[in-house]
Amino acid sequence: MNKGKVDVLLGLQWGDEGKGKVVDVLTPKYDVVARFQGGPNAGHTLEFEGQKYVLRSIPSGIFQGGKINIIGNGVVLAPDLFMDEAKALEASGHELKKHLHISKKAHLIMPTHRVLDAAYEAAKGKSKVGTTGKGIGPTYTDKVSRNGLRVGDIFENFEQKYAACKARHEAILKSLHYDYDITEVEKKWMEGIEYLRQFEIVDSEHEINRILKSGQSILCEGAQGTMLDVDFGSYPFVTSSNTICAGACIGLGIGPNKIGNVYGIMKAYCTRVGAGPFPTELFDETGDTIRQLGHEYGAVTGRERRCGWIDLVALKYAIMVNGVTQLIMMKSDVLDGFDTIKACVAYKQNGREIDYFPYNIEEGIEPVYKELPGWKTDMTHFTSEDQFPQAFKDYINFLEAELETPITIISIGPDREQTIVRK
């Protein structure tokens, strides 16, 4: 933790690495937690005191009483989904309105954005990206094309601004010959707008920099993962925002010199949701076993995740573009029962072995594996790294040597308590 600095926590794979749990574990050390990109397609799951929570837009620090949580300008917000999420948290006893601040510059996901999302996917046919249909992409498209509707707009001439944006969307949908009915969705969306007005709507870039100037610390929470970054991920099968560390500067309005530690989260294996290349994907019984043991189904969508062995080529790339200072390994316990563990250490592309992440991984990529002995030990009840079996210690040492970055936290189960902080 760095006083007066911003530490960043983000995923290094294709999302679903377990960021929510880690943010919740780290939050007690920080004064503020902030989300800097993404929308309600990303579900961060937290489990503690016998309860399970899924956060979609609200930062994971909301469970630490008294902490300020900020939804930054880089986030896209769906008022109706936000309302459902916030009300559910309030019903379970968590005070939101005093502790959750929302940037005026965050863009709003409109009902017609969701329809456009579905229409664009349908038009792509076999080339579908596999979006969650939440309207994220079309909202970011409007933002970049300077046609967006922002949270700050709800206080001034909102009806006119909304009508103009909706009319533009309707013209596009008419040209696509796409049938839809948003009557009920729009009604609830407008209720969400009224609910949103009850929160602290702030100039978040000013607030964040005041916080830093006062010597307080901020933990930035990323959504999705590095390999889904719009610039550096497996394009075009990516999300619509910058998921990497640099996105925290853009999505919150902070200078790069304020960044302190960069925590990179990875699973002990790999998963991916939706379409797109996945070099280490397993189509056999091993992949099914990992899926079942790891409960690899989307927290928001329930979609089955594709599973495979850990990809060190992609991880080295992710560590490089993010400037990762510490690694956090999740779901180590899922591999507890395997005789042999595999790790991809290189790719074969068109018959040639390469050790870097190339421009195109869609075709002709074959993983080159190193095999390591499994530890064959149930680690879910361990409380210290001293209890780790030697084979698991060897696996950690191997990963640290390959990735040239220390693994400082290891998760051995879904609960907050099942977290080992290494000495």
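**Stop one: Ile407**

Select Ile407, and you land in strand β19, which covers residues 407-411 (strands are DSSP runs of E with at least two residues, helices are H or I runs of at least four, both numbered from the N terminus). This is a predicted model, where local features need pLDDT of at least 70 and side-chain atom pairs count only at pLDDT 80 or more, while totals for chains, interfaces and linings use all residues. Residues are numbered from 1 along each chain as its sequence is written, and side-chain values use heavy atoms, with hydrogens and water left out.

Is Ile407 buried or exposed? Ile407 is buried, because its relative accessibility is 2% (buried means under 20% relative accessible area, exposed over 50%, partly exposed in between, with a 1.4 Å probe and protein chains only).

Next, show what Ile407 touches beyond four places in sequence: Met266, Leu327, Met329, Ile396, Leu399, Glu400 and Arg422 (a contact means heavy atoms within 4.5 Å).

Now jump to Leu116, 291 residues from Ile407 in sequence and 42 Å away in space, C-alpha to C-alpha.

**Stop two: the whole chain**

Zoom out and color by secondary structure: the protein chain has eleven helices and 20 strands. Its radius of gyration is 21 Å, close to the 22 Å from the globule rule for 423 residues, so the chain is as compact as a globular protein of that length (taken over C-alpha atoms; the rule is 2.2 Å times the number of residues to the power 0.38). Draw a box along the principal axes and the C-alpha atoms fill roughly 65 × 50 × 40 Å. Color by burial, and 57% of the 423 residues count as buried.
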